[in-house]
Amino acid sequence: MSGPNSDYDPVEVTPLKAEEVEAARDAALAAIAAAADLEQLKTVRLDHVGDRSPLALANREIGALPPAARKEAGARVGQARGAVNKALGERQAVLETEHEARILVEEAVDVTLPVDRRPAGGRHPLTTGAELIADIFVAMGWEVAEGPVIEAEWLNFDALNLGPDHPARTMQDTFWTDPAENHLVLRTHTSPVQARTMLSRGVSEDAPIYVVCPGRVFRTDEYDATHSPMFHQVEGLAIDKGITMAHLKGTLDHFAGQMFGEGINTRFRPSYFPFTEPSAEVDLVCFVCRGTGLNDAGTDPCRTCRGEGWIEWGGCGMVNPRVLRACGIDADTYSGFAFGMGIERTLMFRHGLEDLRTLFEGDVRFTTAFGSEL
Amino acid sequence: MKAPVSWIKEYVDLPAEVTTEALTDRLTALGLKLEAIEAAGAGITGPLVIGRVLTQEKEPQKNGKVINWCTVDVGDANGTGEPQGIICGAHNFGPGDKVVVILPGGVLPGNFQISARKTYGHVSAGMICSAAELGLPDDGTHGIIVVPEDGPEPGTDARAFLGFGEEVIEFEINPDRAYALSLRGIAREAALGFEGTTYRDPALRETPAANGEGYPVVVDDATGCPLFVARTVSGFDASAPTPEFMTKRLEQAGMRSISLAVDITNYVMLETGRPIHGYDRDKLQGTIRVRRATEGEQMVTLDGAKRTLSAEDLVVTDDSGIIGLGGVMGGETTEMSETTTNVLIEAAHWEPVSMFRTGKRHKISSEAGKRNERGVDPTICEAAADRVVELLVQHGGATADGGVTVVGTAPASPTITIDATLPARLSGIDVPAADTVAHLRAIGADVVEGSEGTIAVTAPAWRPDLNDPYDLVEEVVRIVGYDQVPSVLPRRATGRGLTRGQQLRRRVGRTLAGSGLVEVVSFPFVGDDAWEKLGLAEDDPRRVTVKLANPLSAEAPAYTTTVLHGLLEAAGRNLGRGATGVALFETQIVAKPSESGAAPIYGVDRRPTEDEMAALFAAVPTQWTELGVVLAGEYERGGWWGAGRTAGWEEALATVRRLADELGVEITVQSAAVMPWHPGRCAQVSAGDVTLGFAGELHPNVCKAYGLPARSAAVALDLDTLISLAPDRTPGPVFSTMPQAKEDVALLVDADVTVAAVEAALREGAGELLESVRLFDVYTSEQLGADKKSLAFALRFRAADRTLTAEETAAARDAAVARATELTGANQRT
Ligand SMILES: [Zn+2]
């Protein structure tokens, strides 16, 4: 840093000689160029353009000159001062840029430091899976219907053509509340929601029924890798004029494609369910081997579908007119279809889950792997 | 149902090129789902031959075991003709017996290579095989297969004898297709699956007409037993062996050979689908009667169980009393035995619902019951009985008696009239009316074409499942092919999207997950153990539960009333697995019993009336969604930034407030003492005068009971109510852009004065100019005294239309403090 320059005693200066003005200018320009940082430049500014600098003093002297000399001296001093100020400004800009760059360099951190002060949360795949399914149907103009899990026997069974002597009503499958004479069960499927929808809404030309019912259901199954006393189903119900099995197939093909990927279609096989007639099992093209039944190498059977090319997905059919009658819908005017799938099963396929129990243990390592949406 | 392919082919001439896979594909498409194809002998290669045991020396070993050193004649199969030396550990055979031997070079299932090897001081060159070792069903003895004397000679390949190469198809038969629980039915479907094939009905046979010579039978209940056919044979040799083909087929079908007479009735049941019961005729006393039991009557069924009967049970009796539970299981007293010489054969048609109820009531599950309760062709009783007679004569040396008893008539199938276009209309497939008629005739129905396109369809006798128009549609569509159903999206759905409640529930989940909480799903089953762990008093209303009549575990026999039990267990499980802290949430459906008694059961021939529906819905227990949160252990991790932090009551409340803010619900909190929370660190959360739930630190005992660290915190809220209070829409906020004036005040209050009370008083006193008030410090010291605390509040003022003057701000501050002094005794510290 340069100190005050004692060579320039303004009292002694005879400022207006051209060579002196130029010398002062050149000295200033040299000092500006030599300033290494903003601090030095500040000193240079004081020394060379400050109130007591040679050029400032020279400027002040102009007024004392004879008028004939003023013009020339004025122009000379003015040019010198202009050049110095310009150089100052430019140097200031350069040094500021350098300064800012240096600060950014000095402020660098190790970005690989851990930043996991708060662990992430997550929503359960059974919740987000049900939402994903609901959204597929809502996008088609369907609505989401819900109902209680502890349900009247009549709604869970009778209304769905599961008469009192149907095998599905034996103690092996159903949780009954105590006493059993109260005719209440933990619902064994989400179908009572369909019955409730038909009973409470009815159906009309202007208000057909298109509802999807995701929900929790219970069966008295022992708990193991593929069975659970509590699991989740999604069922769908469409009641409208002119509904056919073709609409059922179209809807399930669309659902499968959205859920598992374009081109994953369904296959129907004749089956039996009391609440539908005709009834069908729904198989899904194996989305691993895409129906070939072979592994990637083409040498062994596909592990996902055990070589069949198809995966059992759920059940479906045309709503049995006996169900429509019990629920107050004119089976001569309206027809409908219904389908049902296990949400756990669907997720196990979609995400390759090996053990059903991981869904119910509450281990955060399981849930957080899925984040907030599926 | 398991069916050997060769047995199916006995009744249907399938084209030669039809493989077993092609057959099962067709049958699956028709509704008989393939479960598995079993091929006996799979995985066995090399020399597997019949041998005769020549010598057998028992050699006790040091370990106490006795092994047999055998020499076995295997003919020329070993290349030398010399006896083969083999070590064997089983003892159910002896010298002279014929056995099955695998020789060195052979391979058994599981790639078990057979070679000559030194063992127990001998060179054992091969193995004498048991059924299990050959991958065959065990006959129950777990021993060596002993080949009957009339079996093949030593040295012969054993495969043909063992039935290898024979494929057995296992089908999953749906309850409506009971006719396929027989070879008769399966073969009929196979014929249906391959056009132009010939089908021979095994139940179609000439039978002798009923006459007065038969065994006397009276049926008192013609509803329960519309038809009872009885035949008798004499001079039966009970010691005659069951022929090999029959034993093998029974085994292939999954049934065990018991005795010739029993085997024959089972064989005919598999063949025709008609269950048959045989009685030892010499043990019968007088007329056979069929009637309903009287309540409380007792009998011993042939499984040895003493059964107390209901007035709904159908029984077969003679002069001695009850001799059988009709159609379900015979009685002990008239059971056939090894001394039986005269046999009475019963082929009766029983009403299916009765069969189902009796089977369920007495917990009897049998092959006969399974068929009788689903519906058997009622017209083949005479044919089936005649077939049994034929086999008893053929294989048991019996003589058929001339008497034939037939009581009652087979019920007729209903006639269903449909529009011939119904299958097309319902399936969306173009099925011409003529095809509908042809397909229905193909399944054996009688079709009469009526006027205006209707057809009158009478189902064949073996199809009691066909009762409704839609049943016929399924028949037509399955023959046309389910794969012919086009794929068309319906176009008329006009839904209104998710309801507000459904949207908000998703929002709650996202908010909680977004603030670092992880969702879990738990079972809702609880028992007293849960209430003890949660520390609920004996009279706590949460102990009043909906009980289960048949819980999976006696320890958890009720449906839960709170989300907390499952949630706290999940937290404990995570910590037990090494997590240093967990923040979990769960939404559980909880319930309390209904007060309105039993739920009604209505008929199904009409919609219940509005009153009936109201009664139905009222009987269902009250159910709602409870939201639970648990924060246990490390909440913020420690690291290079500093120390970590555990969560406490304040994070529990912060979570509640964040949720309420997200939903736009104004809540208030006040201290409460409710288990399972710490009595001094629990907040009751309310909205207006509605209690939403509780939040705070868990009681130390509860933390201990669930294995959670001290000071863990939890929340339980009625989520349905919280969501119902959320406003439909938030009005846009109005705020001033004028400068803000700041005033901080420190107020000295008694230690038991709540911040909420002081804050409320400040708000009230400050008036309209107050923009916000926030506590920013709590200070206690010895100097203040233990019964005092100092609360520092930041007051912020702003006017809508002007810059506030210092005087205005000071006046508002003073008014706020004055109100606080008035209401809470606060003194401003200066
Ligand atoms: Zn596959």
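Guide: Let us begin with B:Thr20, which is buried, its relative accessible area being 8%. Please bear in mind that this is a predicted model.

Visitor: Why is B:Thr20 called buried?

Guide: Buried means under 20% relative accessible area. B:Thr20 has 8%, and therefore it counts as buried. This residue lies in helix α2 (residues 20-30) of chain B. Leaving aside residues up to four places away in sequence, B:Thr20 touches B:Val5, B:Ile37, B:Glu167 and B:Ile169.

Visitor: Is B:Lys363 buried or exposed, and why?

Guide: The term exposed requires over 50%. The relative accessibility of B:Lys363 is 75%, so B:Lys363 counts as exposed. Its place is in the loop between α7 (352-361) and α8 (367-374) of chain B.

Visitor: What makes the phi of B:Lys363 and of B:Arg711 worth a remark?

Guide: Most residues other than glycine have a negative phi. B:Lys363 is not a glycine, yet its phi is positive, at about 50 degrees. B:Arg711, also not a glycine, has a positive phi of about 75 degrees.

Visitor: Which peptide bond is cis at A:Pro278?

Guide: The bond that joins A:Glu277 and A:Pro278 is cis, with omega about -5 degrees. A:Pro278 lies in strand β7 (residues 276-285) of chain A. In chain B, the peptide bond from B:Met675 to B:Pro676 is cis, with omega near 10 degrees. Most peptide bonds are trans.

Visitor: How do you know that B:Arg505 forms a salt bridge with A:Glu146?

Guide: A salt bridge needs a side-chain nitrogen of Lys or Arg within 4 Å of a carboxyl oxygen of Asp or Glu. The closest N and O atoms of B:Arg505 and A:Glu146 are 2.8 Å apart, so the pair qualifies. The count between chain A and chain B is twelve salt bridges. On the side of chain A that touches chain B, helix α8 (residues 245-260) of chain A gives the most, with eight residues. The residues of that side divide into 49 nonpolar, 28 polar and 31 charged.

Visitor: How many residues does the contact take from each chain?

Guide: The contact takes 108 residues from chain A and 98 residues from chain B. The area buried between the two chains is about 8900 Å², and carbon and sulfur atoms give 59% of it.

How values were computed
Residues numbered from 1 in each chain as written. Chains lettered and ligands numbered in written order. Predicted model: local features only at pLDDT ≥ 70, side-chain atom pairs only at ≥ 80, totals over all residues. Heavy atoms only, no water. Contact = heavy atoms within 4.5 Å. Buried area = accessible area lost by both parts, 1.4 Å probe. Helix = DSSP H or I, 4+ residues; strand = E, 2+ residues; numbered from the N terminus. Nonpolar A, V, L, I, M, F, W, Y, C, P; charged D, E, K, R; others polar. Buried < 20%, exposed > 50% of the residue type's maximum accessible area, 1.4 Å probe, protein only.
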